[in-house]
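Good morning, colleagues. Please turn to the structure on the screen; I shall begin with an annotated site and then move to the packing.

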Amino acid sequence: MPSTATTIGNFAFDNCLMNAAGVYCMTREELDAIEQSAAGSFVTKTGTLEERAGNPEPRYADTALGSINSMGLPNMGFQYYLDYVTELQNQPNSKNHFLSLVGMSPEETHTILKEIEASSYQGLVELNLSCPNVPGKPQIAYDFETTDQILAEVFSYFTKPLGVKLPPYFDIVHFDQAAAVFNKYPLVFVNCINSIGNGLVIEDEKVVIKPKNGFGGIGGDYVKPTALANVHAFYQRLNPSIQIIGTGGVKSGRDAFEHILCGASMVQIGTALHQEGPQVFERITKELKDIMASKGYNSLEDFRGKLNYID
Ligand code: DHB
């Protein structure tokens, strides 16, 4: 039987599949459901310094080809999630987890990270540089200078294992510039991609979500080619010590296989988890193992990053 086990930094996971931040991760109850599922880990909803109610509803809609959302960072405050992952880490046989966070300003981000640094949490931390849905707040990772400044400051005090969640980039020069920034820092991983920001879905001459007159982050089938390109572009450019988490358009074993082929060490599921619930992990794990078995691959290392080009 092939294994889908993987590692990120010094952390081992029985399965490379897990939720994408924002889906099934707002409350302990939801996180528990992922913990009890076939997923190898969970990431928490991106936590801010204070709890937030987020944007007015409806703020998420499923579509035939995926989803659109403008949640606006509703969350219980980072401390809620920090408490929960710390509690789990002290239980025997607990999975390893990812704590996602961002401040509403660079100062707030540093306040949060300093509290995590001072806490007893020893797991992985994901700094979200790519929330597209807060009115008046541009995505940090589209501003390379600000990103560089924030990371320089962060690594002056933060010593725990840290990665960043990235938005999709669409230009080869931007892949080069972004990778040059990330390669300056001891990041454990980059996670590609967040939703494609600020799309618009229309039904019956009307937008389908309320915030921002219908503009929202796009996920699902629409985004897979963009996600695969970002995973592979960073796999080609980043120091080998910076691993890639692949997120975007995964609803089958084949989609997960393709992310790994592009270089992903772990694969996250967002829209399909929202549409199907936590049983999605068992189904996609089986589909991925069936593909690996049919090709004679026993582990992810047998094909990770080994995408073939046309000569
Ligand atoms: C939200 C959406 C994102 O894509 C993200 O990275 C963080 C927060 C949101 O709207 O809640």
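Cys131 sits in the loop between strand E7 (124-128) and helix H4 (144-154); helices (H or I, at least four residues) and strands (E, at least two) are DSSP runs, numbered from the N terminus. This is a predicted model, in which local features need pLDDT of at least 70, side-chain atom pairs count only at pLDDT 80 or more, and totals for chains, interfaces and linings use all residues. Residues are numbered from 1 along each chain as its sequence is written, and side-chain values use heavy atoms, with hydrogens and water left out.

The UniProt annotation "active site", from an unreviewed entry, covers Cys131; such annotations may be inferred rather than shown by experiment. Is Cys131 buried or exposed? Cys131 is buried, at a relative accessible area of 19%, where buried means under 20% and exposed over 50%, with partly exposed in between (1.4 Å probe, protein chains only).

Leaving aside neighbours within four places in sequence, Cys131 is in contact (heavy atoms within 4.5 Å) with Leu73, Lys137, Gln139 and Asn194. Gln139 belongs to the loop between E7 and H4 as well, and is buried, with a relative accessible area of 9%.

I turn now to the packing.
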